[in-house]
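This report goes through the fold of one protein chain, element by element. Please look at the sequence and the structure before reading on.

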Amino acid sequence: MSNPWDYHEDCIDSAARDMIRLGRRHRLGMPDGRRTWICRGCQVALRPSINAKVRIRRKVMYVTCLHCGRINRKGPEFKRDKND
Ligand SMILES: [Zn+2]
């Protein structure tokens, strides 16, 4: 999952859903650096230029899901949003 775009689409989407499901079941957050690449709106793996737009502004990375339009942010002030 470190390079989601290298894998087959169906494979990553199911991997993404599994990660979310496991995370919820065991009350774990996503591993840092990976959660950004899974849309929490529609639960698919996000692939830059395929189904996601990536912007970086002031050290905050904005990953916009092109399926549901949800913006998944990653940056200094979003590192530990446990209640999300
Ligand atoms: Zn989405």
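From the N terminus on, the elements of the protein chain follow the order α-β-β-β. That makes one helix and three strands, where helices (H or I, at least four residues) and strands (E, at least two) are DSSP runs, numbered from the N terminus. The model is predicted: local features need pLDDT of at least 70, side-chain atom pairs count only at pLDDT 80 or more, and totals for chains, interfaces and linings use all residues. Residues are numbered from 1 along each chain as its sequence is written.

**Confidence**

The predictor's confidence in each residue, from 0 to 100, is called pLDDT. Its average over the protein chain is 75, and 65% of the residues score at least 70. Among the elements, helix 1 (residues 9–25) has the lowest confidence, with a mean of 76, and strand 1 has the highest, at 90.

The three strands form an open sheet in the order 1-2-3, with antiparallel pairing. Strand 1 and strand 3 are at the edges with a single partner strand each, so one side of each has no neighbour in the sheet. From one strand to the next, the twist averages 20°; axes here are lines fitted to C-alpha atoms, for helices over the stretch in contact, and angles run from 0 to 180 degrees between N-to-C directions. Strands of a sheet pair through backbone hydrogen bonds, either parallel or antiparallel. Two strands count as paired if DSSP finds at least two bridges between them. The table lists both pairings.

| Strands | Bridges | Direction | Residues standing opposite |
|---|---|---|---|
| strand 1 and strand 2 | six bridges | antiparallel | Arg 55 and Tyr 62 |
| strand 2 and strand 3 | four bridges | antiparallel | Thr 64 and Ile 71 |

Strand 2 covers residues 60–65. The hairpin of strand 2 and strand 3 has five residues between the strands, and Gly 69 takes a positive phi near 80° there.

Arg 73 belongs to strand 3 (residues 71–74). Arg 73 and Tyr 62 are eleven residues apart in sequence, while their C-alpha atoms are 4.6 Å apart in space. Arg 73 counts as partly exposed because 14 other C-beta atoms lie within 10 Å. On this scale a residue is buried with 20 or more other C-beta atoms within 10 Å of its own, exposed with 12 or fewer, and partly exposed in between; C-beta atoms are placed from the backbone.

**The core**

Buried residues make up 19% of the 84 residues in the protein chain. A nonpolar core is a set of buried Ala, Val, Leu, Ile, Met, Phe, Trp, Tyr and Cys residues joined through C-beta atoms within 7 Å. The largest one has twelve residues, including Ile 12, Trp 37, Leu 46, Ala 52 and Val 63. Helix 1 and strand 2 are the elements that give two or more residues to this core. Helix 1 supplies its largest share, three residues.

Ala 52 lies in strand 1 (residues 52–57). Why does Ala 52 count as buried? Ala 52 is buried because 22 other C-beta atoms lie within 10 Å. Two residues are in contact if their C-beta atoms, placed from the backbone, lie within 7 Å. Leaving out residues up to four places away in sequence, Ala 52 touches Leu 46, Arg 47, Val 63, Thr 64, Cys 65 and Leu 66. With the same exclusion, the residues that Leu 46 touches include Trp 37, Ala 52 and Val 63. Ala 52 and Trp 37 are 15 residues apart along the chain, and their C-alpha atoms are separated by 9.0 Å.
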